[in-house]
Amino acid sequence: MSLYKPYVPKTTVAASTPVTEFDILKASHKFLRDGTDGEASTSWNDQLAQKYYDSLYREFAICDLKHYKSGNFTLRWRTETEVLSGTGDTTCANARCPDHTASSTPLTTLELPFTYEEHGQRKEALVKVVLCSKCVRKIMWKRKHEKRREDEGGAVEAKTGESEQVEDRKQLKSRSRSKDVERDVERHRARRRRSSRSRSPRAHKTESGRPYYKRGTAVA
C-alpha cells in the first residue's frame, strides 16, 4: 500500500530572452555623433555603438523611398563593402531602385535636409545622396504636388472672383434695364392719359341745324 502524495505543480522559470549585439546597437546607435559622445561613452553598450559608428563611411548615404509620396524616407550610412563596390556612389542610392546595384543612367548628387527623431529629440542634418532621375522625381514628388495644389487653389479663387464680378455686372445691367422699362411704361401711361383727355366727343350738325353725337352719347 503506497502513501498518498499531494500533487505539487512544478514552478517553471521563464527563460530570459538573450540580448544580442544588434539589439544593443539599435538601442544605442546615433545617426550622427560629435567628439563629446566618444569621450562620454563609458558603458560597454556605448563603446560598442561608437565602434560601429566609426566603421561607417559618412560621405554618401543609402536611402529607402518606399513612402516617398508622404515625404518620409529612411537613410543610413554606407558600409565598407558598399564603399568598395561603389554602391550609393556610382549607383543609385535608393535600395529599391533597379539601378542600385549597377547603374547605366545619369546620376545626380543631392544634399537633402534630413529631419529625424532620436532618443526623444528632434534633430536635423544635411546628407548627400546620389540618385537616378526617376528617384530624384520621387524625392521632389510631395513638394511639387503641394505647389501644384496651391497654384490650382489660387486659380480657382481667381475664377470665383471673376465670376462674382461678372454676376454683379449682370445684376446691375438687369436692374438698369428694369428701371428703363418702368420709365417707358410710365411714359406710355402718361401719354395715354393725355390723349384720352384731349379726345372729347365731336358734335355733328344735321340738315336741321341741330347737333347730335355719335355712339349714343347724351345730347348736351
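This is a predicted model: local features need pLDDT of at least 70, side-chain atom pairs count only at pLDDT 80 or more; totals for chains, interfaces and linings use all residues.

Biologist: Thanks! Where is serine 28 placed, and what makes serine 28 count as buried or exposed?

Modeller: Serine 28 belongs to helix 1. Its relative accessible area is 12%, and buried means under 20%, so serine 28 is buried.

Biologist: Which residues of helix 1 and helix 3 meet?

Modeller: From helix 1 come Glu21, Ile24, Leu25 and Ser28, and they meet Trp44, Asn45, Asp46, Leu48, Ala49 and Tyr52 of helix 3. The residues of this contact divide into six nonpolar, two polar and two charged.

Biologist: And why is helix 1 called roughly perpendicular to helix 3?

Modeller: Helix 1 (residues 21-28) and helix 3 (residues 44-54) pack at an angle of about 85 degrees, and their axes are 9 Å apart. Angles of 65 to 115 degrees count as roughly perpendicular, so helix 1 is roughly perpendicular to helix 3.

Biologist: Good. How many helices and strands does the protein have, and in which pattern do they follow along the sequence?

Modeller: There are six helices and six strands. Along the sequence, the pattern reads α-α-α-β-β-α-β-β-α-α-β-β. Of the 220 residues of the protein, 20% count as buried. Among contacts between residues at least 6 apart in sequence, 45% join residues at least 24 apart.

Biologist: Let's turn to charged pairs. How many salt bridges does the structure hold?

Modeller: Three salt bridges. One of them joins the side chains of arginine 96 and aspartate 64.

Biologist: How do you know that arginine 96 and aspartate 64 form a salt bridge?

Modeller: The N to O distance for arginine 96 and aspartate 64 is 2.7 Å. The cut-off for a salt bridge is 4 Å, so the pair qualifies. Arginine 96 lies in the loop between helix 4 (80-85) and strand 3 (107-118), while aspartate 64 is in strand 1 (residues 57-64), so the pair ties together parts that are 32 residues apart in sequence.

Biologist: Why is the pair of glutamate 82 and arginine 76 called a salt bridge?

Modeller: Their closest N and O atoms are 2.7 Å apart, and the limit is 4 Å, so glutamate 82 and arginine 76 form a salt bridge. The 2.7 Å contact between their side chains is also a polar contact. Glutamate 82 has its place in helix 4. Leaving aside neighbours within four places in sequence, glutamate 82 is in contact with Ile62, Arg76, Trp77 and Thr87.

Biologist: Are glutamate 82 and arginine 76 buried or partly exposed?

Modeller: At 14%, glutamate 82 has a value under the 20% cut-off, so glutamate 82 is buried. Arginine 76 has 37% relative accessibility, so arginine 76 counts as partly exposed.

Biologist: What about lysine 123 and glutamate 118: how do you know that they meet in a salt bridge?

Modeller: By the N to O distance of 2.9 Å between the side chains of lysine 123 and glutamate 118, which is within 4 Å. Lysine 123 is partly exposed, with a relative accessible area of 22%. Glutamate 118 has 9%, so glutamate 118 counts as buried.

Biologist: One last point: what makes the phi of histidine 119 worth a remark?

Modeller: Most residues other than glycine have a negative phi. Histidine 119 is not a glycine, yet has a positive phi of about 55 degrees. Histidine 119 is placed in the loop between strand 3 and strand 4 (121-132).

Conventions:
Residues are numbered from 1 along each chain as its sequence is written. Side-chain values use heavy atoms; hydrogens and water are left out. Helices (H or I, at least four residues) and strands (E, at least two) are DSSP runs, numbered from the N terminus. Buried means under 20% relative accessible area, exposed over 50%, partly exposed in between (1.4 Å probe, protein chains only). Axes are lines fitted to C-alpha atoms, for helices over the stretch in contact, and angles run from 0 to 180 degrees between N-to-C directions. Angles under 35 degrees count as roughly parallel, over 145 as roughly antiparallel, 65 to 115 as roughly perpendicular and the rest as oblique. Contact means heavy atoms within 4.5 Å. Ala, Val, Leu, Ile, Met, Phe, Trp, Tyr, Cys and Pro count as nonpolar, Asp, Glu, Lys and Arg as charged, and the others, Gly among them, as polar. A polar contact is a pair of N or O atoms within 3.5 Å; within protein, one must be able to donate a hydrogen and the other to accept it, and residues adjacent in sequence count only if both atoms are side-chain atoms.
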